[in-house]
Amino acid sequence: VQTAPHYLAGMQHVSSEESPINTHNFPIVYSFLLRCVITAAFGSLLLGYDLGIISGAIVPIKNHFKLSGFEVEVLASSITLTSIVGSFLAGLVADWAGRKMGLILAALIFIGGSIGMGLSMSFEVLLIWRCMTGVGVGMGLVICPMYCAELSPRRIRGSMTSFNEMFINVGIPLAFLVNLVLSGVKNDWRWMLLSGCIPAIGLFVATILVPESPRWLLSKNRDAEARRVVLQLISKTRAANLPEELDANEFRVNDELANKLADELIVEMKNDFGRQATFKDLINDVPRDLAIGLTFAFFQQIIGTDAILFYNVYTLQHYGISENRALLITLGIGLVKLACTILSSTIVDFPSVGRRKPLLVGGCICTLGTAIAAVAFLTGNAAPGIIIGHTVFIMGFGLSYGPLCWLILAEMFAGPYRSMALSIGSVVNRSMSFIVTLSYLTLTSTFGWSSTYFLLTAICASGVIFSYRFIPDLVGQKLGSHSIREEDVHNEGDTDGFARESASVTQRRDQKANFHLVATESERQVETSNADINEVEIGSYDKDTLIEEKKS
């Protein structure tokens, strides 16, 4: 549009000689964005911390209360069962009270649960408080990626949303380290469980100091507040990602351009939201997307991740490794998982990498890891093979399912559907975690360790096939802007057709919005010029014809 008015400078799909800065490449205040994202990610750290703490505390708890194998399974898996309730409540609370209030509530629940577990005088009381803690875990697990995806500019949304999984993996080795320090202390398991208050208090305090999601504010017609948040994201420095022939230092964001960028970002965010969808809306409007998203969430846990982490110390001690050495090995595995998650989070926003490649490569590595462990259980000296197999599996998970599951789900669904879809996805995910952790020891005692791990190998391979066939790559695209089509993610793994379709949908929507803006301005220009037309010599043209030509 060569004659676009001045106030559209920087609007995506509208060229302007005044500024190449637009809503895709505008400079970001990373200090503000990272403060918000890291704060929200503490909601996910609670899950990782609990995974790590219970791994070290479960043996002394078993000895203290003289628990059976089944009671150990119930204790370990109970938090995943009630996290399903928390996941369902998260969508309702996040839509009604906001993402920020949801995180605050999750922190308060986790604080109360941690204190209750640490002071429990019987197994039954401990189980009740652990179930309560699970509600807070489930809420944090859903709201964290939702908040990060809604606040982050789309060119770095992948790395920002991956803070969700990254902080789960920060929590795991942190808890393992606490276990090592407290191991052997009188009532060590009580202090381990009580230590969960510390990250939860950190989440509570930090969340008070960050703003609400601008997209949620817009959904509640609180436009002025949303605009203030968006303006805090825009840095008044040189632009990023400009063409090489342009000197980026010549194009800085002044107050006027910052306000225009904020207005344009608000328009994009408003397009993302409408009436909040119900489960029935999801089934009626996006049934294929829902089926793919829920199946992906299903595979993230059915491959056995939580069970391997929950019972790693237990398994290693079962095969003759001392408690302290088992805790140290588990700490090392947790650090490997964290490193792989950071690597994946760093590369997923590169267009040449995207989401699918790390997902497929990591899925294959998971399959290899469970196969190594399954073979090791058949040998006389299983411990080294178990350690290698678990490490390889966790490495693959950190590259793939871990950081990418919630990012892909957050990207697949448009604003009206996102919170409900993520909530339902988390319910499925936590349900599978509960089933796996509840049945892990039963399966190993009934069918043997090797058979159990060969079963996990088959499930991992099925997950790779599903991901190869159905999971789209949405790197750099607007939230919920795609339309998944089977022929676009086909057997040869070519996503070009899908990308073209998504880009076409996005471009048509943006062009339509821009057309209306330009048309509105043109109408205003025509109205102001009608008086001038009445004054000029019409000549061989009548007035109506001249007005129509000017409009054209």
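Gly91 is buried, because its relative accessibility is 4%. Buried means under 20% relative accessible area, exposed means over 50%, and partly exposed lies in between (1.4 Å probe, protein chains only). Gly91 belongs to helix H2. Helices are DSSP runs (H or I, at least four residues), numbered from the N terminus. Beyond its neighbours within four places in sequence, Gly91 is in contact with Ser419 and Ser423. Contact means heavy atoms within 4.5 Å. Gly91 and Ser426 are 335 residues apart in sequence, yet their C-alpha atoms are 9.9 Å apart in space.

This is a predicted model: local features need pLDDT of at least 70, side-chain atom pairs count only at pLDDT 80 or more, and totals for chains, interfaces and linings use all residues. Residues are numbered from 1 along each chain as its sequence is written, and side-chain values use heavy atoms, with hydrogens and water left out.

Now the aromatic rings. The count comes to 17 aromatic pairs. Rings of Phe, Tyr and Trp (its six-membered ring) pair if their centres lie within 6.5 Å; planes under 30 degrees apart are stacked, over 60 edge-to-face, and the rest tilted. Two of the pairs are set out here.

| Pair | Type | Centre to centre | Between planes |
|---|---|---|---|
| Tyr319 and Phe377 | tilted | 5.5 Å | 50° |
| Phe466 and Phe470 | tilted | 5.3 Å | 40° |

Tyr319 and Phe377 link distant parts of the chain, 58 residues apart. Tyr319 is partly exposed at 28% relative accessibility, while Phe377 is buried at 9%. Phe466 and Phe470 are separated by about one helical turn, because they are 4 residues apart in helix H21 (residues 449-470).

Terms used: Helices (H or I, at least four residues) and strands (E, at least two) are DSSP runs, numbered from the N terminus.
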